[in-house]
Structure formats: C-alpha cells, structure tokens
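Colleague: I am new to this structure and would like a close look at a single part of it. Could you take me through one spot slowly, and then show me what lies around it?

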Amino acid sequence: MSDIIIKTENLVKTYNTGKVRTYALRGISLEIARNSFSCIIGPSGHGKSTLMHLMGGLDGPTEGSVFIDGADISGLSNSELAGLRAKKIGFVFQFFNLLQNLTAKENVETAMMFSGVNEKTQKEKAKGLLSLLGLSEKLNAKPSELSGGQQQRVAIARALANDPEILLMDEPTGNLDSESEAEVLDNILKLNKDGKTIIIVTHNRDIAKMAAMVFEIRDGRLVDDGKTK
Amino acid sequence: MNIPKLVLKNITRRKARFFFTLLGITVGIASFVTLLSLGGGLKNEIKKQASELGANLIVTPKGWCAYEQVSVLTGEQLPEAIPFDDARKISAIKGLTAVPYLTERTAIKNSPLPVIGILPEEMKIFKRWEIEKGDYFSSQDENAIVIGSGIAQQFKLNVLDKLTIKGRQFPVRGILKGTGSKDDIAMFMSLSVAQKLYGVGDKVSFVAVKVDDISKMDEYILKIQEAANVAVVSDKQLLRSVLSIVGTVSLTLQLIAAVAILAAAFGIINTMMTAIYERRREIGILQAIGAREITIFKIFLLESGFYGLLGGVIGIVAGLIFSSIASPYISQNEFTAFMKGSEMAVTFDSKLIIGSLLFSVFVSLISGLYPAWKASRLSPVEAISYE
C-alpha cells in the first residue's frame, strides 16, 4: 500500500457567475501521507474549503484529478462518490452540521445507516464512540441541548462512525471557546495517533503548528507545498 | 436508525404544517370514500329493489324517458298512460302474470309518500305479501288502504287509524309484513278507487309482468306489443338503465372528490418543496455522510407517501363514518327516497377501503416524485453552504 493516501494533480476549480468566470483553485498539486496530520491554511475566501470539498469528493474539479489510495475519483458518479464518502472519509464542519431533530446517538447512527450497518451494531458503536469522546451522559440529548464543544464532539463521533481512514475537518474549532477548542484538539491528536489521516482546513496558525504538514493557499494557488516545513 | 424512522422524525417536526397537509389529503380521501360508499350503497339498493319488484318485464307507455324508468324502481309518481283495457289484454296472454300499477303521491305530516293503486288479489299473489296486523282488502274496490310496515312505524299508525288522501278519509285496513323493499314505505289502495280519487279515468302507470318460461322472453315481448301499443323493457334492461344513470351521477360526484384530492396533492407538493428549501443544508449533510442520490430520493418520496398512508387511513375512517351519518339525510332526497326503508344504504366493502388507501398513497407518491427528484439532485457543496 502506497504511503500517499490523497494526491491532487493540477486541480482547477472555476465558478461561472453570469459571463464572469471566477477561479477558486488554480492548479493545485499536493500529496497527503497516510496516517499524517496535515493542515491547509490561508485567508478566508482563498480556496481552502473548495480544496477540501474536492479532496472529499463533495464536488468535482473543473480540471485536474484527485486520487484517493491511487484511484482517480474525478470521474466517479455522484452515487459512487457517496459510497466513497460513506466508507473512506469522515467530515467535520465548523458549524457542526448535526441533524437538529435527531439525538446525539441518532446522528452517529445515521452515518452508519448509509453504509448499510445493521441497527444493533449502529446502537452499540454510536454509544461506544460517544462515550469515548466523553459524551456518555448526552446520548439522548438533541444538538440544541449541547454546548458547542459537545456538538463538535458528536460531529467527530459521527465522522468516525464508519471507521474512515481520512478525516477532513473544516475549521473544527472555529466556533468554539478556548476550553472546548483544547478538548476537541486533544481528541483529534488522539485520533491521529490511532492511525487516522487528519486534514484540517483552518486559518488558525496555532493549530497549523501542531500539524506534520502544512499547505498554504493564497488566491487559489499553493504557496507552501507542505514539504518545506 | 433506519429510513422509515428518519422519515417519521422529519415529517413530524413541523407539527402545524404536517397537520394541515395531512388534513388536505384526509378531506380529499374522506369525500371520495363518502361518495363512493354512498354510490355503492345506492347501486346495491337499486339491485335489491329490482329483484324485489318480482317482475321479468315492465310494460310502459311508448316514449318513456330514463327518469320515468328509474321511477318504476323508486316509486315516484308516474304519468298514467296505459289504458286499463290494454293491461287486461296483456294479462290475457298465456304463460305470464301481469299486474297493473297506478303510481301517485300523497303526504303525511308533509312527508311525501307513494300511493299505489293495485288489483288487491293479483298483487298479493304476485308479491307474496303477508299481513302483519289487521286484514287485507276484502274486495277489489274497497275504500280502504293497506300500508307498508315502514310507514306504520314512522308515523305510528295502526289498524283502523284514518288517513286523509286528497280530502277523503281512508281507514287503515291492514299493515304489511316488512319486505325490505320500497313496498314498506308505500300505501296501497284498490286500482279503481285510486283512479277515481286521482281522476285518471281508466289509465294505469305501468304493468309488471312475470313470465312462466324465462327462455321465451323475446316471444312474450312480441306478444305483448301485438296486444297493446306499449313499450316493453326487461328487468335487466331496466336495471342497466337505472344503474347507468346512477353510475353517471356517482362518477360526476367522484370527479368532484378527485378535484379535492388533486388540490391535496398540490398541497403535498408545496409542503415537500418548502421542506426541501428549508432542509437544503440538512440534505447536504446527509450527502456528506454518505447518503446516495437514490437514498435522498427515497427519504423524500417516503415522506410524501406517508402523508398518503396516514391521510388515507384517517380519510377512509372519516368517510365511512360520514357516509353512515349522511345516509339517512340523503335518503330524504326524492330520487333516493326508496332507500329509507333499507337497513344499509352505504357499502363498507374491503375493495373500497383497500382501493382508496392505495389511491391515496399513489397520489401522494406521485406528488412526491418531483420534490424528491429535486432533493436528490442538490449539489452537496451548495447544500452544505446554504445559510
């Protein structure tokens, strides 16, 4: 198995607004090592999140390719991409993006439902993951009954539900107070030690300092390829 | 977690919207079931009345319209157009029994009721009537009346009570045993008395004929038409003609109910489309955590179908209850007045229930197709980024 889990080749992403073409990414080529902790940094609106979406198969590139475990995902159908996301990639977002009408446990179970896990296993695993993240008392709490830090830990539990190799996190601490931020980062580091490949998109340089590889993006271009750190 | 559980949680989160959308489909299905059930009951009742008419052929004046044919079964007032002599000629034909009817109207306490002039002895044998109370006519021209059991019960009438018809008093000679037919809600007097009372000369309204050999029906029809200048219609033709009118009326009412269901379907589409716009971000989250297009499609289609299932069940129950309640009021209508005496004027058959439920679910699923397709086609990134 190759040491490179994600590779992008000359990624270009443009958006058409009327007759105006806007470049979000202008030829990004990078490699992410397996089991590594990487950060993608840069100012807001310079293409960090777009790059994360392309690497996670949430969106397709205008030009170029994304390889996951050596397989080009750029030509996959929406359904195949959904299958890939269900099995291989876990997402954590800045605003948690939990399903508000479900409990913490049900949020985690839902992710497993999409990859065909039976209900009994879903329940056991969701309980285990939430307990591992210190939420054993909040299993049946709705997101509105949880603090920001607790919600983000539920989101992390949900991202881990299908035991993915890759965790893509978009500003995971961007909406948390410093105490919650420390808790969440602690959990992230533990996950990395357990062998997960972590990629965090952030503009927080303190988080970037904890990463093994840092990619900096400005105006859709890679100004730091991660190898120079 | 499973998809039906997720669907249920989604659908009930906006309780007021859920309630009103459900109410739309419930009202549509309830009206559909009510009309279908009453229509079915009406058809059954007509078939029953036709079979209890006891005749294979009905002799009518030439040129009667369908409504007049219907009136033979419903007991409405009919024009008197067949001379009694013609009725006698028909009775004289071998191999058949013919009884003339003079169908007129009167009222007790402002309730319209049929008064039927008959040949007492012939009719008693023809109908196999039995007497519950009192006696039967003692002669062919007795100035008395015999009443159906339904009238006796409804107006608390007894033997020897007197009823005024067209200004003349008639004693109740006897009360017939219940037959479950329109005879229960009619008053009978001798033909000659009725002809004088209503001033119709020697005319009768129609003649009911029973034949000895049913296989020679066409032969009898020819013989009757040779004997008198009349039209002859078989009981089956009559039934077909009546059912076709009832069918047309029922169909029209069902089409009106279908419009209500169509309006409810648009209500479902509207609710689902609103739900998609509101839950756009949530759809993106589901996609991000691995939901395929087909799964999103399924979730929204099931949500829509659930409205049909629940609305259908409640609508069917409401429709059946409503049709039971409405049936006595509807039977006060002239056209359906003969149903008054019947025990059951609505049908509760399983085909109607299952058919209506399937129809409700089908309409809801069709309504959900477009919203579900729209939801499944959302781009995950656009959906997640939606504020």
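Predicted model: local features only at pLDDT ≥ 70, side-chain atom pairs only at ≥ 80, totals over all residues.

How many C-beta neighbours does A:D163 have inside 10 Å, and is A:D163 buried, exposed or partly exposed?

Modeller: A:D163 has 13 C-beta neighbours inside 10 Å, so it counts as partly exposed; the label "exposed" would need 12 or fewer. As for its place, A:D163 sits in the loop of chain A that runs between α5 (148-160) and β7 (166-170). Its backbone deserves a look too: phi is positive there, at about 50°, although A:D163 is not a glycine.

You will find B:K166 in the loop between β7 (162-165) and β8 (168-176) of chain B. With 12 other C-beta atoms within 10 Å, B:K166 is exposed.

Now let us step back to chain B as a whole. Its secondary structure comes to 13 helices and twelve strands, and buried residues make up 47% of its 387 residues. Among contacts in chain B with a separation of 6 or more, 83% join residues 24 or more positions apart.

Finally, the two chains touch: 24 residues of chain A and 20 residues of chain B take part in the contact. On the chain B side, α1 (3-11), α10 (280-288), α11 (293-330) and α13 (380-385) each supply at least two residues. The largest share, four residues, comes from α10(B). By type, that side of chain B divides into ten nonpolar, five polar and five charged residues.

Terms used: Residues numbered from 1 in each chain as written. Chains lettered and ligands numbered in written order. Buried ≥ 20, exposed ≤ 12 C-beta atoms within 10 Å, placed from the backbone. Contact = placed C-beta atoms within 7 Å. Nonpolar A, V, L, I, M, F, W, Y, C, P; charged D, E, K, R; others polar.
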